[in-house]
Amino acid sequence: MVPREENTQSTNRVLRISQLDALELNKALEQLVWSQFTQCFHGFKPGLLARFEPELKAFLWLFFWRFTIYSKNATVGQSVLNIQYKNNFSSSLRYQPPSTNQKLWYAICTIGGRWLEERCYDLFRNHHLASFRRVKQCMNFVVGLIKLGDLINFFIFLRKGKFATLTERLLGIHSVFCKPQNIREVGFEYMNRELLWHGFAEFLIFLLPLINIQKLRAKLSSWCIPLTGASNSDSTLATSGKECSLCGEWPTMPHTIGCEHIFCYYCVKSSFLFDMYFTCPKCGTEVHSVQPLKSGIEMLEVNAV
């Protein structure tokens with residue numbers, strides 16, 4: 001019987017990360033509520049809430065405590081993660097909620113402690129008497145001891161996985177699941193598929209900039225469209241010189257690169273300067289020299305139009 005009970009307790013034990021996530025969710029909720037509350041007084045006089053800020057925060061946190069821990073035995077973050085507090089002093093194996101005294105002391109230690117710290121800080125900041133300095137030193141010493149206790153408790157929590165905060169350890173309450181947790185079966189097919197496509201996408205991102213699309217297109221077009229006629233014949237130049245092979249417009253300052261096609265001077269020159277291995281996009285001829293079109297051929301072209 002004892003090994004079975006230990007196994008059930010180990011399977012139902014709340015993970016450390018879940019307890020820490022619950023604390024972070026509580027902090028995020030408090031910041032969100034306080035920001036929404038202060039926006040209600042955005043149109044009023046600046047600094048209106050600064051004088052009573054500790055009391056207002058304590059009232060809001062006390063309101064949350066009443067409808068979370070006091071009534072449901074769990075904070076908002078714990079409720080999201082299917083966690084609640086259990087009385088650790090109870091010897092029964094069944095779930096025992098925290099007693100009323102434990103809940104009240106929880107409110108005093110958390111809400112009252114933060115209110116006292118903020119109010120004392122404001123009080124000592126506005127008074128510079130010698131007596132207040134001694135009290136301030138004592139308060140700083142007490143706060144330092146509490147912070148040290150929180151640090152030691154955190155190390156113990158990382159070791160044993162129980163009592164995430166010093167308040168929980170002092171009050172004897174720890175986190176348990178609200179409902180029994182089933183063994184989770186993780187399927188890795190989706191993860192493998194995502195990793196495969198992610199690696200393939202990264203490979204394409206690395207490979208595509210290395211491919212000269214213009215040269216590849218010219219090579220494919222040269223294979224698909226057979227070349228007819230001599231490349232340097234004047235008649236071929238005259239028939240194909242009605243448009244630039246790059247921009248498709250009437251060639252401005254027509255030039256050739258050694259093939260039967262005509263280019264604008266700025267189109268072919270900028271392409272050649274950008275890519276030293278520039279080839280004709282229609283026939284794939286490499287650029288050896290950019291030469292202006294002969295005037296006789298240009299006049300034939302004009303007369304043909």
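**Salt bridges and a nonpolar patch**

The side chains of Lys57 and Glu53 form a salt bridge, with N to O at 3.2 Å; the term requires a side-chain nitrogen of Lys or Arg within 4 Å of a carboxyl oxygen of Asp or Glu. This is a predicted model, where local features need pLDDT of at least 70, side-chain atom pairs count only at pLDDT 80 or more, and totals for chains, interfaces and linings use all residues. Residues are numbered from 1 along each chain as its sequence is written, and side-chain values use heavy atoms, leaving out hydrogens and water.

Lys57 and Glu53 sit four residues apart in helix α3 (residues 53–67), so about one helical turn separates them. Helices are DSSP runs (H or I, at least four residues), numbered from the N terminus. Lys57 is buried at 18% relative accessible area; Glu53 is partly exposed at 27%. Buried means under 20%, exposed over 50%, partly exposed in between (1.4 Å probe, protein chains only).

The whole structure holds three salt bridges. Glu55 pairs with Arg119, closest N and O atoms 2.6 Å apart. Glu55 lies in helix α3 and Arg119 in helix α6, so this pair ties together parts 64 residues apart in sequence. Arg114 meets Glu30 at 3.0 Å, N to O.

Next, the surface. A nonpolar patch of about 980 Å² includes Phe141, Leu148 and Phe154. Patch residues have over 30% relative accessible area and no salt bridge; nonpolar side chains are joined within 5 Å, like charges within 9 Å. Phe154 lies in helix α7 (residues 130–160) and is partly exposed at 31%.

Terms used
Areas by Shrake-Rupley, 256 points an atom, 1.4 Å probe, with all protein chains shown as cover. Helix = DSSP H or I, 4+ residues; strand = E, 2+ residues; numbered from the N terminus.
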